[in-house]
Amino acid sequence: MEITREKVFTDLVCVTNLGQISPEEELKFAETLGKVQKPENERQLELHKQFKGELPGIVHVTEGGLFGHKKVLDWHANKPSDPNRCSMVWIYAVKGSEGSITSWIDNKKAYEDLPDEIKAHCHNVEFTCGFKVGGYTDDPTFKEHHNKDNVHKLVYTNEYGQKGLFFPFLQIMEGIPKTLYDYLKAHILQDKYRYDHHWKDGDLVVSEQWLTIHKRHTFEKMNERLMHRIAIW
Ligand SMILES: [Fe+2]
């Protein structure tokens, strides 16, 4: 298998076709990339059962599972306000994925293209994050929060030295001047920074969660579609 931790942190979005593999094999492979997030307390175990994860570490994204709604799941990254957030998200299409599209934005490339004075401005900006209802989802299981203790730098360098914008703009992002926020939002949303993945069953996409954000487009057949999601540190 050609996906490695270094590749994920360098290429930012890694796509391959695994074909049909067992959840045990899937988890074993995911564990070669880093530590897999597993339910650690009673509440997380409860969520695990509720989301019908078949093996601890694998969460089901489907109707009745995590983000099972048909409506768009707009631009986001994994848990921006959590100081212990995972750096990678694994999504494997088990079944019913045909016709479903997920897009990623490369905020390394978008950063590199910025004029020098904007880059310099970005380097001085820090912010805190939180979740607001109606930002990227109105899923009622997600509660509003704002973690003012976890301060992020807008220009982030990941563990393999890739530098770009950490900019999950549909979250609460307190600390970024409005004019800069509006400028960056319009800049990163240009088509040239976006990759659209048209899913086929057996596909795997592993994405770095600092320098990319992603969006699942509206999909009517969420009841037939099953994705496995694994969060990896
Ligand atoms: Fe996501």
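**Close-up views of the predicted model**

**View 1. Strands β5 and β13 in an open sheet of four strands.** Strand β5 (residues 101-106) pairs with strand β13 (residues 212-216) in the antiparallel sense over five bridges, where strands are DSSP runs of E of at least two residues and helices are runs of H or I of at least four, numbered from the N terminus, and where two strands pair if DSSP finds at least two bridges between them. This is a predicted model, in which local features need pLDDT of at least 70 and side-chain atom pairs count only at pLDDT 80 or more, while totals for chains, interfaces and linings use all residues. Residues are numbered from 1 along each chain as its sequence is written.

**View 2. The open sheet β7-β6-β10.** Three strands form this sheet, and the pairing is antiparallel. At the edges stand β7 (145-153) and β10 (172-174), each with a single partner strand, so one side of each lacks a neighbour in the sheet. From one strand to the next, the twist averages 30 degrees. Strand β6 (residues 126-131) is joined to β10 by three bridges, and C129 stands opposite M173 in β10.

**View 3. Strand β12, covered on both faces.** All six residues of β12 (residues 203-208) are buried, a residue being buried if 20 or more other C-beta atoms lie within 10 Å of its own, exposed if 12 or fewer, and partly exposed in between, with C-beta atoms placed from the backbone. In a regular strand the side chains alternate between the two faces of the sheet. In β12, D203, V205 and S207 are buried on one side, and L204, V206 and E208 on the other. Strand β1 (residues 13-17) pairs with β12 in the antiparallel sense over five bridges, with V15 opposite V205. The pairing of β4 with β12 is likewise antiparallel over five bridges, and the bridge partner of V89 in β12 is S207.

**View 4. The largest nonpolar core.** This core has 51 residues, and those with the most contacts inside it are W90, L165, V206 and I232; such a core is a set of buried Ala, Val, Leu, Ile, Met, Phe, Trp, Tyr and Cys residues joined through C-beta atoms within 7 Å. The largest share, seven residues, comes from strand β4 (residues 88-95). Leaving aside residues up to four places away in sequence, V206 touches I3, V8, C14, L33, M88 and W90, contact meaning that C-beta atoms, placed from the backbone, lie within 7 Å.

View 5. In α2 (residues 23-30), E26, L27 and A30 are buried. Seen down the helix axis, these buried residues fall within an arc of 95 degrees, so they line one face of α2; the arc is that of the directions from the helix axis to the C-beta atoms.

Terms used
Contact = placed C-beta atoms within 7 Å. Axes fitted to C-alpha atoms, helices over the stretch in contact; angles between N-to-C directions.
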